[in-house]
Amino acid sequence: MWEMGMYAAIAPFGLLLLSSVWRYPAVLEEVVKWGILRAQILDDRRQMLGGVVVGLVFGLSEAMLFSINAWAGLQWGAMGMRLILTVPMHVATAMIIAYAMSKRMGVVGVVLAMIVHGGFNYWVR
């Protein structure tokens, strides 16, 4: 299970380059979270725990990366809002994916997570 956390911590840094050329970062991020969860074969209960771990670590890593950029640009309000809201959103979307995977409906979970994440990104802009 610790490998999932490690991959989730590193993923936002790799996605930073891709999201600069791809217009919809929510799609990339949710596919990566799905890939991290899919790489581990877990029972249903541990799958949900894996969703919490992946979402929490991914969200913290992305929030930290965003905070560095916001700090440099003196965007205090944006930094505070992203720190407070981004982590729970990533936990929620990873849990959606994990739950759908436990019901053998992973694609549906990824699409729903993309919609939630895209709506969140639209709302915080």
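Student: Let's start with R104. Is R104 buried or exposed?
Tutor: R104 is exposed, with a relative accessible area of 67%. Keep in mind that this is a predicted model.

Student: What counts as exposed here?
Tutor: The cut-off is over 50% relative accessible area. R104 has 67%, so R104 is exposed.

Student: Where does R104 lie?
Tutor: R104 sits in the loop between helix 4 (76-102) and helix 5.

Student: What about the phi of R104?
Tutor: The phi of R104 is positive, about 60 degrees, although R104 is not a glycine. Most residues other than glycine have a negative phi.

Student: OK, on to helix 5. Which residues of helix 5 are buried?
Tutor: The buried ones are G106, G109, V110, A113, H117, F120, N121 and V124. Seen down the axis of helix 5, these buried residues fall within an arc of 100 degrees, so they line one face of the helix.

Student: And which exposed residues are on the face turned away from that buried side?
Tutor: That face of helix 5 carries V107, I115, Y122 and W123, which are exposed.

Student: What span should helix 5 have, and how far apart are its ends?
Tutor: Helix 5 covers residues 106-124, which is 19 residues. At 1.5 Å a residue, helix 5 should span 27 Å. The end C-alpha atoms of helix 5 are 27 Å apart, which agrees.

Student: New topic: S61. Where is S61 found?
Tutor: S61 is in helix 3, residues 44-72.

Student: Buried or exposed, this S61?
Tutor: S61 is buried, with a relative accessible area of 6%. The cut-off for buried is under 20%.

Student: What is S61 in contact with?
Tutor: Leaving aside neighbours within four places in sequence, S61 is in contact with A8, A9, P12 and F13. As for A9, its backbone oxygen lies 2.6 Å from a polar atom of the S61 side chain.

Student: Now the whole chain. How many helices and strands?
Tutor: The protein chain has five helices and zero strands. Along the sequence, the pattern reads α-α-α-α-α.

Student: How much of the chain is buried?
Tutor: Of its 125 residues, 39% count as buried.

Student: And the surface, what does it come to?
Tutor: The accessible surface of the protein chain is about 7400 Å². Carbon and sulfur atoms account for 72% of that surface.

Student: Last one. Among contacts between residues at least 6 apart in sequence, what percentage join residues at least 24 apart?
Tutor: In the protein chain, 74% of those contacts do.

Note on methods:
Residues numbered from 1 in each chain as written. Predicted model: local features only at pLDDT ≥ 70, side-chain atom pairs only at ≥ 80, totals over all residues. Heavy atoms only, no water. Helix = DSSP H or I, 4+ residues; strand = E, 2+ residues; numbered from the N terminus. Expected span 1.5 Å × (residues − 1). Buried < 20%, exposed > 50% of the residue type's maximum accessible area, 1.4 Å probe, protein only. Arc of directions from axis to C-beta. Polar contact = N/O pair within 3.5 Å; in protein donor to acceptor, adjacent residues only side chain to side chain. Contact = heavy atoms within 4.5 Å. Areas by Shrake-Rupley, 256 points an atom, 1.4 Å probe, with all protein chains shown as cover.
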